[in-house]
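The following exercises are to be worked with the sequence and the three-dimensional model at hand. Each task is followed by a solution in steps.

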Amino acid sequence: MRNPISILIGIYRTWYKSRTRELRLEFVVTDYCNLNCVGCTHYSPLAKKEFEPLDMLERNMAHLAKVCQGKIKRLYLIGGETLLYPDLKPAMNMLRHYFPDGELYIFTNGLMLPKMDDEFWQMSRDLGFIIALTRYPIKFDYDAVEDLCRRQNVRHIVFDDRSMANSFFKFALDPEKKQNGRLSHFKCYNRGCLSVVGDRLYPCSISACVDHLNKAHGTKFEHCKGDWLEVSEITDVSQIKRLRDTKVPFCDYCVYPITSVKYAPSKRERSEWVK
């Protein structure tokens, strides 16, 4: 049996780490993807081929840049598969324009990187973008893609290695909304993934993208007041931090503990996401 003092110390360390973690913003440009992963947290297997309007993306970037005033340094363009976004290059220019001192990332599963043109690589170098690569357990040469980034002199990181055993999880939602939301929030694997979708800022991608699940399976995972911030109504970075660090009503849907699952193609079944 674990020492109660050790348990309390562990709880405090988890709390302190989450509260002091650097804020980051994720601009979701599409949930459409060229992979079909079981239980995807963006519900990409259920998503239609839709893309964020460029004018809305720019309004959000412009407003958040004014509010944050250099207080948020890490910013991401994310999908779905980000490289499928038809306006990716203008989006890259806009993100650097509005966040001139930011550390900017493009999330990708890497499959399209060998097909990207010279202009993309030149822009990535000139604008200082970092390729945030996730490895999946599929037949694809990720070592060659990393070598490609090095040859193009574009900085890259392996953000996540999903090719390892037990690296996939089921993030189930409870339709009856009877979970311990405070515990789910405290232990949240996706905590800090502040997602800009449409004209709203959500605390995580599961909440931000759940409409794909509702439309596909007729579920009714609804948002309440406090589950998001209207981007245009954000006036101070403290509101963003509070959204990240405070349990919201949607957390009562989230089942804890999460369970590991074997990687497989999604069958687009309700059970992949619902308790």
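**Exercise 1. The largest pocket**

Task: Identify which strands each supply at least two residues of the lining of the largest pocket, then describe that lining by residue class.

Solution. 
- Step 1. The model is a predicted one. Strand 1 (24-28), strand 2 (74-78) and strand 3 (103-108) each contribute at least two lining residues, as do strand 5 (156-161) and strand 6 (168-170).
- Step 2. The space in this largest pocket amounts to about 920 Å³. Its lining comprises 38 residues, and those closest to the centre are Thr-41, Phe-159, Asp-160, Arg-162 and Asn-190.
- Step 3. Sorted by class, the lining of the largest pocket holds 16 nonpolar, 12 polar and 10 charged residues.

**Exercise 2. The second largest pocket**

Task: State which residues lie nearest the centre of the second largest pocket, and which element gives the largest share of its lining.

Solution. 
- Step 1. Two or more lining residues come from each of strand 8 (200-202), helix 7 (205-209) and helix 8 (211-217). Helix 8 provides the largest share, with four residues.
- Step 2. The class count for this lining is 13 nonpolar, five polar and seven charged residues.

**Exercise 3. The nonpolar cores**

Task: Determine which residues have the most contacts inside the largest nonpolar core, and list what Leu-113 touches beyond four places away in sequence.

Solution. 
- Step 1. The largest nonpolar core contains 75 residues, and Phe-27, Leu-113 and Ile-240 have the most contacts inside it.
- Step 2. With six residues, helix 2 (residues 54-68) gives the most to this core.
- Step 3. Once residues up to four places away in sequence are set aside, Leu-113 touches Leu-83, Thr-108, Phe-120, Trp-121, Ile-131, Leu-133, Val-145, Leu-148 and Cys-149.
- Step 4. Another core, of seven residues, lies apart from the largest one; Tyr-76, Ile-78, Phe-107 and Ile-130 are among its members.

**Exercise 4. Backbone features in loops**

Task: Locate the cis peptide bond, then decide whether Tyr-43 is buried or exposed.

Solution. 
- Step 1. The cis peptide bond joins Tyr-256 and Pro-257, with omega about 5 degrees. Pro-257 belongs to the loop between helix 9 (237-245) and strand 10 (259-261).
- Step 2. Tyr-43 is not a glycine, yet its phi is positive, at about 55 degrees. This residue is found in the loop between strand 1 and helix 2.
- Step 3. The cut-off for a buried residue is under 20% relative accessible area. Tyr-43 has a relative accessibility of 0% and therefore counts as buried.
- Step 4. Lys-177, also not a glycine, has a positive phi of about 55 degrees. Its position is in the loop between strand 6 and helix 6 (181-186). Its relative accessible area is 25%, so Lys-177 is classed as partly exposed.

Technical notes: Residues numbered from 1 in each chain as written. Predicted model: local features only at pLDDT ≥ 70, side-chain atom pairs only at ≥ 80, totals over all residues. Heavy atoms only, no water. 1 Å grid on protein atoms, 1.4 Å probe; cavity = no way out; pocket = protein on both sides within 12 Å on 5 of 7 lines; lining within 4 Å. Points joined across faces, edges and corners; volume = space filled by probe spheres on them. Nonpolar A, V, L, I, M, F, W, Y, C, P; charged D, E, K, R; others polar. Core = buried A, V, L, I, M, F, W, Y, C linked by side-chain atoms within 4.5 Å. Buried < 20%, exposed > 50% of the residue type's maximum accessible area, 1.4 Å probe, protein only. Contact = heavy atoms within 4.5 Å.
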